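Subject: Two-chain model to look at

Hi,

Here is the structure I promised to pass on.

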Amino acid sequence: DDKLLTEPLGHPDFFSVKELFTLKDLFDARVHLGHKKGCRHRFMEPYIFGCRLDQDIIDLDQTMQHLQLALNFTAHVAYRGGIILFVSRKRQFCHLVESTARACGEYAHTRYWQGGLLTNAHIQFGPGVRLPDLLIFLSSLSNVFEPHVAIRDAAKMNIPTVGVVDTNCNPCLISYPIPGNDDSPAAVELYCKLFRMAIIRAKDKRRQSEAIEELR
Amino acid sequence: TLRLICTTTAVQKNNAGASGPEKYTEAFIKKQIEEFNLGKRHLANMMGEDPETFTQEDIDRAIAYLFPSGLFDKQARPMMKHPTEIFPEQRKIQWGEDGRPFHFLFYTGKQSYYSLMHETYEKLLNVQKHQDQLIAQDLPLQKEKRNLAGSRWLTKIELEEMLLEKLSDDDYSRFIQLLQKLVALPCADIEEKYIQKFSREVPVQLQKVVIEPLQYDERGVAFSTGEGKRKTARATAVVYDSGTGKITVNGIDILHYFPVLQDREQLLFPFQFLGRIGKHDMVCTVSGGGRSSQAGAIRLASAKALRSFVTEKEVEFMRQAGLLTVDPRVKERKKPGQEGPRRKFTWKKR
């Protein structure tokens, strides 16, 4: 059991996450498109490649690195049987995100976030609840264009977060930010596909390793 | 030296109310069901009946016999029912041994409601896809109109019972709006079964009052009966078609039974209204109430009986004149702190 858990940590890319996407895929899915110059957040300036006709363009090389780190991290969490919670407050993609979560066998929350969900969980759900081990934000803003409450709550409860940050978002409290577009349907479908494939791959590998261990 | 600090258990207990309503475990409910079945057999033996065919009605009768109670509230009396009827349905623990919740929307808080919204939205998308396919093949869209008049959507309480979860008014209205949106699409017939789960039939409310046909007694005379009430008086009247205009109350002629002119006028009013004073005979029985209320009760009974002799237009005239309506006025109760129903005690300044 110990060997099962420590072995993947030795490799830099145990689940070969780099093969899941290429720069061309990101470009075709319009991930590099940001919001207008006026909406730009100060802390997103390092991730922005440039500005064309007032519209910010996100640097896809940096996005590639961040996305690879984030997918690797989610795969490791899924391998160790962690609870993953997909969060998004975009009404257009609510159904898509919930279907993705269901397909992975993980959990989703795309509705109104009640105040004490993470911080007051023992009273809201009952004693002995297990909190999520990873939060994935497909859109880190809430419906009022402010940072989602879950980012701050996860930081309070020491839960790591992975999040897609657009040019008007604050990437501060997110552990693995992914600078990229969160408004186009093509981009969000691409993210869902990537996360789903990474999680399923990790779970399959875990089952295979356990089967091999049992045979011995 | 040690000093014993004596405290009562009441002081040591933490805030007991904070844990919410009692949660019954599955094992507890199972034990209750076993005890109920055993108790049922014991009861059947006690009453000398067959334990195998002892129904719930027999149990209720046996308990009412063994534990007679004069308490007013039926629910305060001793009762013996199956535990599923007594203990309200509750949610069992939502997560497995390793801590992972069973439902994928568990962390939202309202898992059944949101999963219902998710399913309904999926049906909506299905219908839209089907519509697009039909348009692509240039086929006509189905236009059968659903009968909206005879059905209503589930009420909020019914939905709460279905989902075993508390809802807010906002949530409920959003769900109904989504259902209406689904129904409004032309190809919604595909999801007919799903929609029927959330709609109920409304029974037809209008019930026409059936006017009884005339009956014929041994002599061949047509007659008809009517019942009436006023305050505490109850009356039945039999109106014969023969003639002479004789009216008998409890075997006594009205001149002797009702010495006061006002009461006799009340009795004759229906006949006077229809212009049939000398044409009908009446025999009535009346009990309860006082002089005036008995007269009112007989008036109503005779008007109801006369409906069978008369055209529909004249029945409508009678109804508008107030001859066929039951007078709802009864004696108002006396309230505490007052001398009568309305009269207050004399107010003294000092």
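Chain B first: its domain assignment gives domain 1 (26–86), domain 2 (106–201) and domain 3 (215–321), with bounds that come from an automatic or database domain assignment. Taken over C-alpha atoms, the centres of domain 2 and domain 3 of chain B are 57 Å apart.

Some housekeeping before the rest. This is a predicted model, so local features need pLDDT of at least 70 and side-chain atom pairs count only at pLDDT 80 or more, while totals for chains, interfaces and linings use all residues. Residues are numbered from 1 along each chain as its sequence is written, chains are lettered from A and ligands numbered from 1 in the order in which they are written, and side-chain values use heavy atoms, with hydrogens and water left out.

On overall shape, chain B has 12 helices and 8 strands (DSSP runs numbered from the N terminus, H or I of at least four residues for helices, E of at least two for strands). Its radius of gyration is 34 Å, well over the 20 Å that the globule rule gives for 350 residues, so chain B is more spread out than a compact globule. That radius is taken over C-alpha atoms, and the rule is 2.2 Å times the number of residues to the power 0.38. Along the principal axes, the C-alpha atoms of chain B fill a box of roughly 100 × 95 × 70 Å.

Chain A has 7 helices and 8 strands.

Now the interface. Chain A and chain B bury about 2000 Å² between them, 57% of it on carbon and sulfur atoms (accessible area, 1.4 Å probe, that two parts lose on being put together, summed over both). On the chain A side, His95(A), Tyr107(A) and Arg111(A) lose the most area to chain B, together 31% of what that side buries. The contact (heavy atoms within 4.5 Å) takes 27 residues from chain A and 20 residues from chain B.

Between the two chains there are 9 residue pairs in polar contact, both at pLDDT 80 or more. A polar contact is a pair of N or O atoms within 3.5 Å; within protein, one must be able to donate a hydrogen and the other to accept it, and residues adjacent in sequence count only if both atoms are side-chain atoms. Strand S4 (84–88), helix H4 (94–104) and strand S5 (107–109) of chain A each give two or more residues to the side that touches chain B, and H4(A) gives the most, with 4 residues.

The rule finds 1 salt bridge across the interface (a side-chain nitrogen of Lys or Arg within 4 Å of a carboxyl oxygen of Asp or Glu): Arg100(B) meets Glu106(A) at 2.7 Å, N to O. Over all chains the structure holds 24 salt bridges. One of them joins Asp28(A) and Lys24(A) at 3.1 Å, N to O; both residues lie in helix H2 (residues 23–28) of chain A, 4 residues apart, about one turn of the helix.

Cheers
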